[in-house]
Amino acid sequence: TLLLLYKELKEIQFRIDTVLWKKIMVYSLPLVIAGLGGVINETFDRQMLNWLQPGTAIYKKEQVGIYSACYKLAILITLFIQAFRMGAEPFFFKESQGENPQRTYARVLKFFVIVICTMFLVVALYLDIWKHFIDPKMWVGLNVVPILLLANMFLGIYLNLSIWYKLGQKTIIGAYITLLGVAVTLAINFVFIPTYGYLACAWATFFCYGLMMLVSYLLGQRVYPIPYAWKKLSLYIIIVVGIYFLHHGLIGFWANEIFSIALGTIFIGAFLRFIAFSEKNELVKLPVVGKYFSSRKRIN
């Protein structure tokens with residue numbers, strides 16, 4: 001390719017725009033720090049578990065293996081968040097030039113929360129299916145999966161909320177928020193791993209991302225107010241957590257995989273029906289699927 005484009009490449013004049021370079025460095029270097037902090041939040045708990053967990057070296061490796069295997073069951077939400085992030089950030093920057101970008105950001109977050117709440121239920125209520133993707137020896141750690149699912153939900157919401165400091169050229173604040181999350185992760189793991197093992201790692205992830213989400217929302221509303229429907233979104237999250245506990249309690253009376261899956265299907269269907277009723281005015285505006293809600297909107 002280089003040989004074929006030799007003449008075109010000769011015509012390119014390379015020069016450094018120092019003014020633009022400084023702007024890029026000021027904007028992007030804090031994001032590099034935030035990225036490194038994100039790696040610590042996501043992976044360093046395994047190292048701390050291996051260092052701080054009491055027991056023999058073999059036992060420590062077993063505990064790390066159990067936690068890592070169960071962590072993978074939250075991959076469905078993680079993959080969705082990564083895919084969303086790659087498409088959402090360019091979209092957010094493009095929409096910032098529009099007439100009312102705040103309304104668009106609020107709508108995007110609403111649908112994002114609805115999707116990840118549904119995914120939470122699909123993973124948590126069908127855990128009897130997903131667990132077969134890991135070794136049965138690892139099933140002892142399945143109790144951390146719902147905690148990690150919620151933690152990743154918080155992370156996804158945080159990524160939505162972070163648009164305020166990116167648009168406002170205040171990425172250094174994003175680095176501070178991430179470092180705050182790192183401090184929470186390290187502190188909780190250091191204090192509680194010797195007693196609670198990998199369960200402490202899961203809760204550290206939960207509180208880390210939960211705090212980052214909360215801080216970003218509070219700061220962002222002061223600098224760049226966005227009309228998020230936070231009451232409704234909080235209600236959706238509370239509902240899916242309540243459904244999980246109800247499902248978990250009911251299957252406790254009859255530990256049967258078929259009953260668990262059937263009950264989970266009923267609960268997921270009921271939640272989706274509730275969303276269809278609650279968001280009918282929004283759903284009717286969507287392409288393709290909106291036509292299925294149009295008649296309902298006319299009746300109301």
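Contact here means heavy atoms within 4.5 Å, a cut-off to keep in mind for every view below. You're looking at a predicted model, where local features need pLDDT of at least 70, side-chain atom pairs count only at pLDDT 80 or more, and totals for chains, interfaces and linings use all residues. Residues are numbered from 1 along each chain as its sequence is written, and side-chain values use heavy atoms, with hydrogens and water left out.

**View 1**
Helices (H or I, at least four residues) and strands (E, at least two) are DSSP runs, numbered from the N terminus. The C-alpha trace spans about 75 × 65 × 50 Å along its principal axes. Of the 300 residues, 42% are buried, where buried means under 20% relative accessible area, exposed means over 50% and partly exposed lies in between (1.4 Å probe, protein chains only). Take the contacts between residues at least 6 apart in sequence: 76% of them join residues at least 24 apart.

**View 2. T118 sits in helix α5.**
Is T118 buried or exposed? T118 counts as buried, because its relative accessibility is 16%. Leave out residues up to four places away in sequence, and T118 touches F271 and L272.

**View 3. F120 is also a residue of helix α5.**
With 1% relative accessibility, F120 counts as buried. Which residues does F120 touch, not counting those up to four places away in sequence? They are I77, L125, P146, L149, L150, M153, V240 and Y244. For a sense of distance, K22 is 98 residues from F120 along the chain, and their C-alpha atoms are separated by 42 Å.

**View 4. Helix α5 (residues 101-125) meets helix α7 (residues 145-161).**
The two axes come within 10 Å and cross at roughly 165°. That makes α5 roughly antiparallel to α7. As for the terms, axes are lines fitted to C-alpha atoms, for helices over the stretch in contact, and angles run from 0 to 180 degrees between N-to-C directions. Angles under 35 degrees count as roughly parallel, over 145 as roughly antiparallel, 65 to 115 as roughly perpendicular and the rest as oblique. The α5 side of the contact includes V108, F112, I116 and F120, while the α7 side includes P146, L149, M153 and I157. Sort the contact residues by class and you get 16 nonpolar, two polar and no charged. Here Ala, Val, Leu, Ile, Met, Phe, Trp, Tyr, Cys and Pro count as nonpolar, Asp, Glu, Lys and Arg as charged, and the others, Gly among them, as polar.

**View 5. Helix α9 (residues 171-196) packs with α10.**
Their axes lie 8 Å apart, at an angle of about 155°. That makes α9 roughly antiparallel to α10. Among the α9 residues in this contact are I177, V184, I188 and F192, and among those of α10 are A204, F207, L211 and V215. The contact has 19 nonpolar, five polar and no charged residues.

**View 6. Helix α3 (residues 57-71) has 15 residues.**
From first C-alpha to last, α3 reaches 21 Å, close to the 21 Å expected at 1.5 Å a residue; the expected span is 1.5 Å times one less than the number of residues. Which residues of α3 are buried? K60, Q63, V64, I66, Y67, A69, C70 and Y71 are. The buried residues of α3 pack against α2 (18-52), α4 (75-95), α7 and α10 (198-223).
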